[in-house]
Amino acid sequence: MSDPLALARPEIRALAAHDQASSHPHFERLHANELPWRTATDCSDAGLNRYPEPHPEHLGALLAALYGVDPRCALPCRGSDEAIDLLVRGFCAAGRDAVVICPPTFGMYAVAAQIQGAEVVSIPLREEAGFEPDVEAIEARCGLGDVKLVFLCTPNNPTGNLLDRAAVTRIAQATAGSALTVIDEAYVEFAGTDSWVQWIARLPHVVVLRTLSKAYGLAGARIGTLLADPRIVNLLRKLVPPYAIAQPSIEAAQRALDAHQQRLARERIAAIVHERARLGAALAASPCVTRVWPSDANFLLVEFDDPARALARLRDARLHVRDFSDRPGLRKALRITVGSAEQNDRLIGSLAC
Ligand SMILES: Cc1ncc(COP(=O)(O)O)c(C=O)c1O
């Protein structure tokens, strides 16, 4: 099996891991230049006068258990946004390497690549095939040798569809030895399908991204997870500053992952999936809607006869949705997050023609 680190930037491979302060939980902390007192506003368990763990191992183990991998395969990050950034910085040399993205898709893949100076190769999803990836074009472009990362988002944002499993499998197999295939599953909990995470044991160049921002309702805590071969995890950890994840976020994630909270999370996911069907059916019946795309996520991509008029009505009802109507391939489309039953009722009512 090929070594995925052969694809990484040589200067990052050569970097030494940070020298971490050793931890002695039962000793008085006089080693980190912290204040000895907590402030009156401090409601954390551990004390905000103290630095958090340099790399939160307990949280990493909880996330690994949640996603069903060995703890060595899980790197907690500040949202999956940070995971995307780490991958681009670790694997793409400025001016030399490229990433493949499949638009319309999540914008941060291209942003991270542009900041790093990597070329962004756009191979659009095939709208006529229900927004599926163009496998032949991706294989052909990866064959040129400069592509280091292929980003696939499933369910895809903003189109909402799960990518065809056979297509993802072909891309993952075709990139072995030349690029990492990064499968972003930010919305997979709403799809009720298996994660791709078990593939990382079989194909060490497959990376899976998960987040607590969506189904677990912790967007404000900024906790994502990069799941990959331990060699990739160790390489990318070298790029993360110590103490990167704030103590209140660590504690919020730990609380969210106890058995009771996980049960509640499953109930909330079921409620959103139920509302997705109800909202989708109501929108499809609206005379100003020309198409509701099928969705496996917590949002709907909706095509309107007159998106500007729909946006004005939604604005009048103080409802904020995302306008994609100027994007290639998304003619006249708005992306609408599935909200609470009350919010969805308001949205449906505001569009009544
Ligand atoms: C597909 C996709 N990936 C990643 C993210 C970033 O999520 P996080 O909050 O974990 O940074 C988003 C956020 O909207 C997203 O839509």
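How far apart do the C-alpha centres of domain 1 and domain 2 lie? In this predicted model, the distance between the two centres is 28 Å. The domain assignment places domain 1 at residues 4-257 and domain 2 at residues 261-350. Where the two meet, 21 residues of domain 1 and 21 residues of domain 2 take part in the contact. On the domain 1 side, the residues that touch domain 2 comprise 12 nonpolar, five polar and four charged ones.

The largest nonpolar core holds 95 residues, and V99, L149, V150 and V207 have the most contacts inside it. Both domain 1 (4-257) and domain 2 (261-350) contribute residues to this core, so the core lies between them. V207 shows what such a position looks like in detail. Leaving out residues up to four places away in sequence, V207 touches L87, L180, V182, L226, L227, A228 and I232.

An α-helix has 3.6 residues a turn, so residues three or four places apart point the same way.

Which residues surround the ligand? They are G79, S80, D81, F106, C153, N157, D184, A186, T211, S213, A219 and G224. Helix α3, residues 79-91, gives the most to this shell, with three residues. By class, the shell consists of four nonpolar, six polar and two charged residues.

A cis peptide bond joins N157 and P158, with omega about 15 degrees. Another cis peptide bond joins T154 and P155, where omega is about -5 degrees. P155 sits in the loop between β4 (147-153) and α6 (165-175), and P158 lies in the loop between β4 and α6 as well.

Two residues have backbone angles worth checking in the model. F131 has a positive phi of about 60 degrees although it is not a glycine. F131 is placed in the loop between β3 (119-122) and α5 (135-142). Is F131 buried or exposed? F131 is buried, as 24 other C-beta atoms lie within 10 Å. K332, likewise not a glycine, has a positive phi of about 60 degrees. K332 belongs to the loop between β10 (322-323) and β11 (333-337). With 18 C-beta neighbours inside 10 Å, K332 counts as partly exposed.

The surroundings of a few further residues complete the tour. D97 is a charged residue in the loop between α3 and β2 (98-101). D97 counts as buried because 22 other C-beta atoms lie within 10 Å, and the cut-off for a buried residue is 20 or more. Setting aside residues up to four places away in sequence, D97 touches F91, C92, A118, D146 and K148. D97 and G145 are 48 residues apart in sequence, yet their C-alpha atoms are 8.7 Å apart in space.

A174 lies in helix α6. A174 counts as partly exposed, with 19 C-beta neighbours inside 10 Å. Apart from its neighbours within four places in sequence, A174 is in contact with E139 and C142. From A174 to T290 there are 116 residues in sequence and 38 Å in space, C-alpha to C-alpha.

L35 is found in the loop between α1 and α2 (57-67). With 10 other C-beta atoms within 10 Å, L35 is exposed. L35 and N49 are 14 residues apart in sequence, and the distance between their C-alpha atoms is 5.9 Å.

How values were computed: Residues numbered from 1 in each chain as written. Predicted model: local features only at pLDDT ≥ 70, side-chain atom pairs only at ≥ 80, totals over all residues. Domains from an automatic or database assignment. Contact = placed C-beta atoms within 7 Å. Near = placed C-beta within 6 Å. Helix = DSSP H or I, 4+ residues; strand = E, 2+ residues; numbered from the N terminus. Core = buried A, V, L, I, M, F, W, Y, C linked by C-beta atoms within 7 Å. Buried ≥ 20, exposed ≤ 12 C-beta atoms within 10 Å, placed from the backbone.
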